[in-house]
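Visitor: Please walk me through this model. I would like the strands and the ring pairs explained.

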Amino acid sequence: MGRSLGFPTANLLIDPSLEIANGVYAGRVALTGKPYGALVNIGYNPTVPTGGKRLLEAHLLDFSGDLYGRTISVELVVFLRPEQKFASLDELRERIEQG
């Protein structure tokens, strides 16, 4: 879904017992030793439901390419806001553009 919105993401299933708040974080992602700034969402994606699966979605800033099958590490730096539901995909896209 992220790619169709213009913001491709690395989507990872996470352990439901992970004790971290759902929401949007500023973060860093390391890919083959190179760091990238990232916007990271953790949660259930209320605008585009995930079938009850808790996901970590990381949008790497200034990166283009394919992450399928690659190993990344994700560091959460600062909590930005709680997860929220948007009325439409256009509204979601506008909010992502704002950061």
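**Rings and strands**

Guide: Tyr36 counts as buried, at 12% relative accessibility; buried means under 20% relative accessible area, exposed over 50%, partly exposed in between (1.4 Å probe, protein chains only). This is a predicted model: local features need pLDDT of at least 70, side-chain atom pairs count only at pLDDT 80 or more, and totals for chains, interfaces and linings use all residues. Residues are numbered from 1 along each chain as its sequence is written, and side-chain values use heavy atoms, without hydrogens and water.

Visitor: Is Phe63 buried or partly exposed?

Guide: The relative accessible area of Phe63 is 21%. Phe63 is therefore partly exposed.

Visitor: How are the rings of Tyr36 and Phe63 arranged?

Guide: Rings of Phe, Tyr and Trp (its six-membered ring) pair if their centres lie within 6.5 Å; planes under 30 degrees apart count as stacked, over 60 as edge-to-face and the rest as tilted. Here the centres are 5.3 Å apart and the planes stand at 80°. The pair is therefore edge-to-face.

Visitor: How many residues apart are Tyr36 and Phe63?

Guide: Strands are DSSP runs (E, at least two residues), numbered from the N terminus. Tyr36 sits in strand S3 (residues 34-43). Phe63 lies in the loop between strand S4 (55-60) and S5, and the separation is 27 residues.

Visitor: What is the strand order in the open sheet?

Guide: Two strands pair if DSSP finds at least two bridges between them. The open sheet has five strands with antiparallel pairing. The order is S1-S4-S3-S2-S5.

Definitions and conventions. Helices (H or I, at least four residues) and strands (E, at least two) are DSSP runs, numbered from the N terminus.
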